[in-house]
Amino acid sequence: MGIGQWVGIAASLVAVALPETANAQDSAVTQTGGQLSPAHYERALLVRERAIEYLLSQQDDATGGWRVPERGPAFPAITGLVLIGLTGDPAGPIEPMSTREGPAKRGFDFVLSNIQPDGGIYDAILANYNTAISLAALPRSDDPAARAAIPAAQAFLKRLQYHEDAADNLPGEVRRVDASHPFYGGVGYGGSGRPDGSNMHMFMWGLEASGVDHTDPAVQRAIAFLERIQMDDRVNDMDYAEGSRQGGFIYATGPTGDQAGVGESKAGTIEETLSDGSTASRLRAYGSMTYAGFKSYAYAKLPADDVRVAAAWDWIRRNYTLAENPGIGTDGFYYYMLTFARALDATGEPTIDTVAPDGSTERVNWANDLVDRLADLQRGDGSFRVLDDRWMENDPVLITAYCLVALGEVLD
């Protein structure tokens, strides 16, 4: 597993949904393919091999990166995702690709070539997104230059966060806000005028993978923003969550810097029965953001009986599917697969007790289901079938990288 350092939270999260499970410490320390049936383990290895073969065929000869445009700007994050998929977990059962020579070394060299004087790893745009994923990849390299770049990249990410002591002279946004502000604790693209849940997911991923402890002030501040994109009025003090008990997450606390506090969901709205029994239109929680939020809570080590964790887990159990990104169909489907795998791997368990609309339950093996879905979507050349063009998911390199990282969560 890729998150052995979070065994404590994994065990507690499992207890919420699976009170009769076997000893959590034993289940969290998974042996080779332990989350998968033997047949699914072999199938996952084959899908992984084909995906790697495809991605290696797409590496840019001139730069060593992936999806490097001739006239920029480049997205080192795409190369970072590929590298995370290629290298796997050094502590896991799958032999990682060497970073001393060959494709992985050239890829890391490309990532390092995008280091900016401010410590970020980006090329002109999307500073948080590119830096965070690059930062998540860097610890996988044994190049001293990659390790040396980590502290500055961590510091750069933290400077992008909205809080009371934030730098107020960064381009694009004024980030110095107090805890009452809807943007507090959040992170945006690095110049968009507002923070959002997707950038928060990447931010937390980069910090966690590079060894930032969950007690760090940046992680603790992030919790405040996560609460305000969770549609549950027991934890969310924004007006748009009044009476809501969905438990899942939306995209942002506002669509622009001028609309802080009105909320934003890429899934639109639903008619919800509120906590007082009345009905009203509320922003709709959806899949990728809910799994991303759940994973961030796991990183922050919130206890299992915390209402934030329990509410998110209940949404996951009631909306379990691999047919779509629940709430928005095929939009962002492969990103959903990534967050799905990262979040559920954090539980340390391969199964979920799902809940149907009629209240009946079914125990499913999410790890086996994930492998089956990925195998069905993989094309003959090892890439994955394009389902939608939103959020760059018409790019076979990007979606194949998402799938390869998702596979790593059940194989490593």
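**Figure 1. The whole chain.** Of the 412 residues of the protein chain, 59% count as buried. The model is predicted. The protein chain contains 14 helices and six strands. Among contacts in the protein chain with a separation of 6 or more, 64% are between residues 24 or more positions apart.

**Figure 2. Helix α12 beside helix α14.** Two packed helices are described by the angle between their axes and the distance between the axes. Here, helix α12 covers residues 333-345, and helix α14 covers residues 396-411. Their axes come within 8 Å and cross at roughly 15°. Angles under 35 degrees count as roughly parallel, and α12 and α14 are therefore roughly parallel to each other. The crossing of α12 and α14 is left-handed. On the α12 side, the contact is made by Y334, Y335, M337, L338, A341, R342 and D345. On the α14 side, I399, Y402, C403, V405, A406 and E409 take part. What kinds of residues make up the contact of α12 with α14? Ten are nonpolar, three are charged and none is polar.

**Figure 3. Strands β1 and β2.** Strand β1 spans residues 230-232. Strand β2 spans residues 245-249. The two strands run antiparallel, and two bridges join them. Look for Q230, which stands opposite F249 in β2. Four of the five residues of β2 are buried, so this strand is largely enclosed by the rest of the structure. In a regular strand the side chains alternate between the two faces of the sheet.

Figure 4. Which residues does S244 contact, leaving aside its neighbours within four places in sequence? They are M231, D232, D233, E272 and L274.

**Figure 5. S296, in helix α10.** Helix α10 runs over residues 287-299, and S296 lies in this helix. S296 has a relative accessible area of 3%, so it counts as buried. Not counting residues up to four places away in sequence, S296 touches M204 and L226. Now find I223. S296 and I223 are 73 residues apart in sequence. In space, their C-alpha atoms are 8.2 Å apart.

**Figure 6. A148, in helix α7.** A148 is found in helix α7, residues 144-159. Its relative accessible area is 58%, so A148 is exposed. L138 is ten residues from A148 along the chain. The C-alpha atoms of A148 and L138 are separated by 9.4 Å.

**Figure 7. The cis peptide bond at P73.** Which two residues does a cis peptide bond join? They are G72 and P73, with omega about -5°. P73 lies in the loop between α3 (38-57) and α4 (76-87).

Figure 8. Start with L126, in the loop between α5 (102-113) and α6 (127-137). Phi of L126 is near 50°, a positive value in a residue other than glycine. L126 counts as partly exposed, at 26% relative accessibility. Next comes K301, in the loop between α10 and α11 (307-318). K301 is not a glycine, but it has a positive phi of about 60°. With 34% relative accessibility, K301 counts as partly exposed.

Conventions
Residues numbered from 1 in each chain as written. Predicted model: local features only at pLDDT ≥ 70, side-chain atom pairs only at ≥ 80, totals over all residues. Heavy atoms only, no water. Axes fitted to C-alpha atoms, helices over the stretch in contact; angles between N-to-C directions. Parallel < 35°, antiparallel > 145°, perpendicular 65-115°, else oblique. Left-handed = near helix turned anticlockwise from the far one by under 90°. Contact = heavy atoms within 4.5 Å. Nonpolar A, V, L, I, M, F, W, Y, C, P; charged D, E, K, R; others polar. Buried < 20%, exposed > 50% of the residue type's maximum accessible area, 1.4 Å probe, protein only. Pairing = 2+ DSSP bridges.
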